Amino acid sequence: MRLNRILRTATFRLVALYVALFGGSVAALGAVVLWTTHVALLEQLEARISAESAALVTEYQEGGPDRLATAVHSRERTHPAGPLKYFVAGRNGTRLAGDLPSAPSKDGFQNGRYPENDGDFGHLRLLTTTLNDESRLTVAGDLEQIGDIEAIILGAFGSAFGAVLALGIAGGVALSTAFLKRIDTITRTAEAIIAGDLRLRVPLRGTDDDLDRLAATLNRMLDRIGALVESLRQVSNDIAHDLRTPLTRLRQRLEDAERHAGSVEEFRKATEAAISHADDLLATFSALLRIAQIEAGTRRAGFRRVDLSNLFGTVVEAFLPVAEDDGRSLISRLEPGIVVEGDRELLTQMIANLVENSIRHTPKGTQIAVNLHKVNGRVMAIVSDNGPGVPCNEREQIFKRFYRLERSRSTSGNGLGLSMVAAIAELHGIGIEVADNHPGLMIRLFFNRHS
């Protein structure tokens, strides 16, 4: 895997950003610790120098310059390589004691340098005090020890910064490599699907991370696309087979009129029959287009609160005279006050298609029942009849486009009514269940399927 591709990944850039932030934090923390340590050690050194200077001033006050010089000599003999150094000068500036080559002329703390045995210069923190007889006392502490400690701290933080940088880069490369492998898997799957293999799916690792959830979403999308493509293929086949017959019949009628019609009246009747057949074909294409629009989901943006009880009542009331004229009875039991989210026009179409289907495909004397109620907080609607019903092995087929039972082929219709019901139900998240009504057919609608 090429390095420049790894470096361009969002994962590596994100890791690099975190490494930079963390490295900056380490550097800032190191600076704060270094400065705090320097101040604390300097204060500690100055406190020691001040205490030593005060003790020597006491010696001077008790015994004069001679006792002060004796005390300095004693300290130098006891601690010849000690951290403190001294310088005692008389009133005329002559050295009385101490190992410093010279002393500052001003009182108070200040920094200074002195030559060492190796020819280099050491750095000191000096405190000079003028005594009562104009003698001068200087006590100095070595700053090199503070510098050594600071160097140790600086080295420790430098090592930590280097480790953070190295681990961050290594981790970024590792994460980016793993990320690219999974992206490449998704890419290969997508390319295979583009090439026409709609059966492939993106493999899941079971980690439920972001890429796994993305892969699962893509798989659901591919399932949906596959279903739509299969539906399109099925529709194309259905159109080729089921519309071929009426088109052939229309052509035969026109040819027959052309050959045999001998009067204006016969031509008029032939034309009326052709127009009727053309209207049926146009109605079929219109229904197909409407189903396609519903399945595209564009109507979901128009969802509003719909009084389902009122809607069912309106449909039942509209079909009641039709059912009675055809020798069927239509009864309803509707629980009031049931409200759902949806498209009122499409829901009306769905219920009307179910009721009309029961009226059209049952014999005279059939009782059709429409029920609407709540079960365990969920809305359920039932459209049932006590007619001949649908064979068990054909119940899942009745929602396919152009599908018609053998006994129903003599009745009017294009076989798209229940297909539209299925499309509207899918758009609204309504579950459909087809069952035996003992005798007859029962279709249950379960609203709020996704809630």
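Two strands count as paired if DSSP finds at least two bridges between them. Helices are DSSP runs of H or I with at least four residues, strands are runs of E with at least two, and both are numbered from the N terminus. With that in hand, I will start with the sheet.

This is a predicted model, in which local features need pLDDT of at least 70, side-chain atom pairs count only at pLDDT 80 or more, and totals for chains, interfaces and linings use all residues. Residues are numbered from 1 along each chain as its sequence is written, and side-chain values use heavy atoms, with hydrogens and water left out.

The open sheet has five strands in the order β7-β9-β10-β12-β11, and its pairing is mixed. At the edges are β7 (329-334) and β11 (431-436), each of which pairs on one side only. From one strand to the next, the twist averages 15°. Inside the sheet, β9 (residues 367-375) and β10 (residues 378-385) run antiparallel and are joined by eight bridges. As an example, Val370 has Val383 of β10 as its bridge partner.

Next, a helix pair. Helix α8 (residues 344-360) packs with helix α9 (residues 417-428) at an angle of about 145°, and the axes are 9 Å apart. Axes here are lines fitted to C-alpha atoms, for helices over the stretch in contact, and angles run from 0 to 180 degrees between N-to-C directions. Which residues make the contact? From α8 they include Leu346, Leu347, Met350 and Leu354, and from α9 they include Leu418, Val421, Ile424 and Leu427. Contact means heavy atoms within 4.5 Å. The residues of this contact divide into ten nonpolar, five polar and no charged. In that count, Ala, Val, Leu, Ile, Met, Phe, Trp, Tyr, Cys and Pro are nonpolar, Asp, Glu, Lys and Arg are charged, and the others, Gly among them, are polar.

Pro101 lies in the loop between β2 (95-98) and β3 (108-115). Leaving out residues up to four places away in sequence, Pro101 touches Phe87, Arg95, Tyr114 and Pro115. The C-alpha atoms of Pro101 and Pro115 are separated by 8.5 Å, with the two residues 14 apart along the chain. Pro101 has a relative accessible area of 45%, so it is classed as partly exposed; buried means under 20%, exposed over 50%, and partly exposed in between (1.4 Å probe, protein chains only).

Last, the whole chain. The protein chain has nine helices and twelve strands. Of its 451 residues, 38% are buried. Among contacts with a separation of 6 or more, 63% are between residues 24 or more positions apart.
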